[in-house]
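Here is a short report on one protein model. Keep the structure open as you read, and look up each residue when it is named.

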Amino acid sequence: MTKYEAEYIAALPMYDWPEARAAVDVQWARLREAIRQRGIDAPAALARVNGDLPPVPGGIRDNAGKVIAPDPATLPPGELDFHAVWLHPALLFGQTCWGPMELGLAEHVQVIAQPNYDEVEGGQGELYSSAIIMRSDGGPSVASPADGRPSIPFDLIRGRRFAFNNPDSMSGLLGLTRDLETMGESLDIFTSRSESGGHRSSIVAVAEGKADVAAIDCQSWALAQRFEPAARQVRVVGWTARRKGLPFITGLSTPQQTVAVLREAVASLG
């Protein structure tokens with residue numbers, strides 16, 4: 001047993017809005033018990049800030065000894081550095097986005113499973129899409145296409161200001177970029193592009209007139225409709241294509257027997 005196997009960590013930060021934390025805790029409790037029933041000592045609580053992460057003196061390193069993420073102990077304790085979680089050698093169970101995975105994270109983690117998005121508009125099984133939003137003009141929102149193909153209103157979004165959550169976000173930037181490219185267009189249809197720092201911030205930016213267009217993943221959009229007042233000031237004008245949703249991951253050093261147990265535990269919960 002390595003020193004980290006004795007102190008595994010788990011984190012589900014991707015949809016962990018303050019108002020939804022009780023529900024995320026319930027989700028983890030079910031996963032935790034399914035994992036523990038199979039002999040793995042899953043952590044009691046989720047790591048939510050850098051201060052919850054075990055220190056890694058000298059920084060988190062890859063197999064070649066290269067530092068790929070900072071020691072969590074050197075980061076602001078009340079914030080959360082996603083890469084410090086995803087790359088932490090003690091990570092038993094986490095969740096990430098296919099954007100970071102395609103940009104190099106996949107080399108350092110193992111995929112456990114895909115979540116199910118059947119319960120939210122824009123989702124189907126392991127696939128999800130993003131709602132393209134603009135400030136409300138009183139018109140109705142556009143429903144998610146049944147076939148999962150992109151529905152992009154070029155007449156509405158051309159020449160507008162685009163806000164995205166993060167440069168490595170599949171749902172907020174990369175997916176829309178690829179959809180535009182398949183249609184012979186590019187992000188150049190927008191007059192400007194600005195980084196908001198999060199899907200919720202993008203919604204607020206559009207509602208407040210600081211941006212005109214944003215792409216919000218369907219799960220975050222569902223949360224916004226429940227918890228973010230600014231969501232009432234915007235409407236859905238289109239959708240990106242459906243793609244694989246945010247994968248559950250574990251550390252690269254997690255033993256294969258443990259990975260198999262994690263997959264079985266997730267599958268047991270449907």
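## An exposed loop residue

Ala64 has a relative accessible area of 73%, so it counts as exposed. The cut-off for that word is over 50%. The model is a predicted one.

Where does Ala64 lie? It is found in the loop between β2 (60-61) and β3 (67-69). Now pick out Gln95. Ala64 and Gln95 are 31 residues apart in sequence. Their C-alpha atoms are 24 Å apart in space.

## A buried helix residue

Is Val206 buried or exposed? Its relative accessibility is 0%, so Val206 is buried. The cut-off for buried is under 20%.

Val206 belongs to helix α6, which spans residues 199-207. Compare chain and space for one more pair. Val206 and Ser136 are 70 residues apart along the chain. Yet 9.4 Å separates their C-alpha atoms.

## Around helix α6

The buried residues of α6 are His199, Ser202, Ile203, Ala205, Val206 and Ala207.

What do these buried residues pack against? Four of the partners are strands: β7 (130-135), β8 (161-164), β10 (213-217) and β11 (234-239). The others are the helices α5 (170-182) and α7 (218-227). Follow the chain just past the end of α6. There, Gly209 has a positive phi of about 80°.

## A four-stranded sheet

Strands of a sheet pair through backbone hydrogen bonds, and the pairing can be parallel or antiparallel. Here is one such sheet. It is open and has four strands, in the order β1-β4-β13-β5. Its pairing is mixed. Which strands are at the edges? They are β1 (9-10) and β5 (109-113), and each pairs on one side only.

Look closely at β5. Its partner is β13, residues 248-251. The two strands run antiparallel, with four bridges between them. Val111 sits opposite Ile249 in β13. Gln110 faces Thr250 in β13. Though β5 is an edge strand, four of its five residues are buried.

## The whole protein

How many helices and strands does the protein have? There are eight helices and 13 strands. Along the principal axes, the C-alpha atoms fill a box of roughly 60 × 40 × 35 Å.

Of the 270 residues, 53% are buried. Take the contacts with a separation of 6 or more: 74% of them join residues 24 or more positions apart.

## Surface and charge

The accessible surface comes to about 12400 Å². Carbon and sulfur atoms account for 49% of that surface.

What about charge? The protein carries 25 positive and 32 negative side chains. The centres of these two sets are 2 Å apart.

Terms used:
Residues numbered from 1 in each chain as written. Heavy atoms only, no water. Buried < 20%, exposed > 50% of the residue type's maximum accessible area, 1.4 Å probe, protein only. Contact = heavy atoms within 4.5 Å. Areas by Shrake-Rupley, 256 points an atom, 1.4 Å probe, with all protein chains shown as cover. Lys, Arg positive; Asp, Glu negative; His and termini not counted. Charge placed at Lys NZ, Arg CZ, Asp CG, Glu CD. Pairing = 2+ DSSP bridges.
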